[in-house]
Amino acid sequence: MTRFLSDEIDFSAYERETECKAKVRPASIFADELQAEFQPKAKGTSSAMRSTKLRHAIEFRPSEVTCWAGFNGHRKSMFCGQVALDLIEQNERTLIVSLEMLPRKTLYRMARQACAHDQPSPHRQAEFLKWTDGRLWLFDHVGRLDPGKALAICRYFAQVLQGRHVFIDSLMKVCQSEESLDEQKQLVGDLCDIAKETGLHLHLVAHAKKPGQTGEDRPPTKYDIRGSASISDQCHNVLTVWMNKAKRAESDKAEPDAAVMAKPEHIVTIEKQRNGDVEGKFGLAFDARSLRFVDDERARVDPYPMELP
């Protein structure tokens, strides 16, 4: 069954700073590492989002930080829930720190996505929870979280529970103020240090700035992330999630415009991938019954393979 991390755990033992060590070394000591860099890279060696067309576009490598950004109400948290399901399907131990949603609401969404059904039976719900055992944890806390405690939770999950991925949703629930650019820069820098120290891949959800004259008619870019520019500068990967609200409005009309309806319902953009080759936009459809993002409107939506040996 999915396990919860209580906010009453004493994380003080994990709130230490990274130890400083001598790092100045002769170039020749890196001979083996240099040779490895020139070797052909095996595809699929890191975890990926296998349930959409992003499967061959981006990998979530150890010791990296990915920023997931988007406007309010554009389903970026829901998309991250599906990413988490893809990770645990690959036996990646994953922690969700959702500071804006109760654990039961997070699990409600993920159960629908995993079961590919809006009303999974009690048996399927139990099967889903059993499938997540040893793979998925949730931090049982909603509201503001001190930056030091957020870092401590990441260390705890890596060191004690041998975790691989942590989702922090969202940045503004950890930083005191949207105007505190230095605090945001410090936090993201600390997250990058924690990722490097522990081997975790950290997923940070961030909001986009309030849209200007163009409204929400175009996908945001990495330059539209609310707060400090250092957020996108320091993160290894930046992806944005955008909903085509014009298409949703058009679909309610008696005679919807065919050109508008032909456009994708969502666009996920790889704005930055420091250690990968692919960047660009990926149009996706959305299945309302399962809350799943799929390659196109004709794509079949199957349950995740939750059968255990």
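What follows is a chat about a predicted model.

Colleague: Is the pairing of E4 with E9 parallel or antiparallel?
Modeller: Parallel. Strand E4 covers residues 65-70 and strand E9 covers residues 237-243, and four bridges join the two.

Colleague: Which residue in E9 is the bridge partner of Ala 69?
Modeller: That would be Thr 240.

Colleague: Changing topic: how much space lies in the second largest pocket?
Modeller: About 410 Å³. The pocket is lined by 22 residues, and the closest to its centre are Ser 77, Met 78, Met 101, Arg 109 and Asp 169.

Colleague: Which elements give two or more residues to that lining?
Modeller: Helix H2 (76-89), strand E5 (94-98), helix H3 (103-115), E7 and E8. H2 gives the most, with five residues.

Colleague: How do the lining residues divide into nonpolar, polar and charged?
Modeller: Eight are nonpolar, nine are polar and five are charged.

Colleague: Back to H2 for a moment. At what angle do the axes of H2 and H4 cross?
Modeller: They cross at roughly 65 degrees and come within 10 Å. Helix H4 spans residues 122-132.

Colleague: Which residues make the contact?
Modeller: From H2, Leu 85, Ile 88 and Glu 89; from H4, Phe 128, Trp 131 and Thr 132. These divide into four nonpolar, one polar and one charged.

Colleague: Last one: where is Ala 299 found?
Modeller: In the segment after E12. Its C-alpha atom is separated by 9.4 Å from that of Asp 287, twelve residues apart along the chain.

Colleague: Why does Ala 299 count as partly exposed?
Modeller: Because its relative accessibility is 27%, and partly exposed means between the 20% limit for buried and the 50% limit for exposed.

Note on methods:
Residues numbered from 1 in each chain as written. Predicted model: local features only at pLDDT ≥ 70, side-chain atom pairs only at ≥ 80, totals over all residues. Heavy atoms only, no water. Pairing = 2+ DSSP bridges. 1 Å grid on protein atoms, 1.4 Å probe; cavity = no way out; pocket = protein on both sides within 12 Å on 5 of 7 lines; lining within 4 Å. Points joined across faces, edges and corners; volume = space filled by probe spheres on them. Nonpolar A, V, L, I, M, F, W, Y, C, P; charged D, E, K, R; others polar. Buried < 20%, exposed > 50% of the residue type's maximum accessible area, 1.4 Å probe, protein only. Axes fitted to C-alpha atoms, helices over the stretch in contact; angles between N-to-C directions. Contact = heavy atoms within 4.5 Å.
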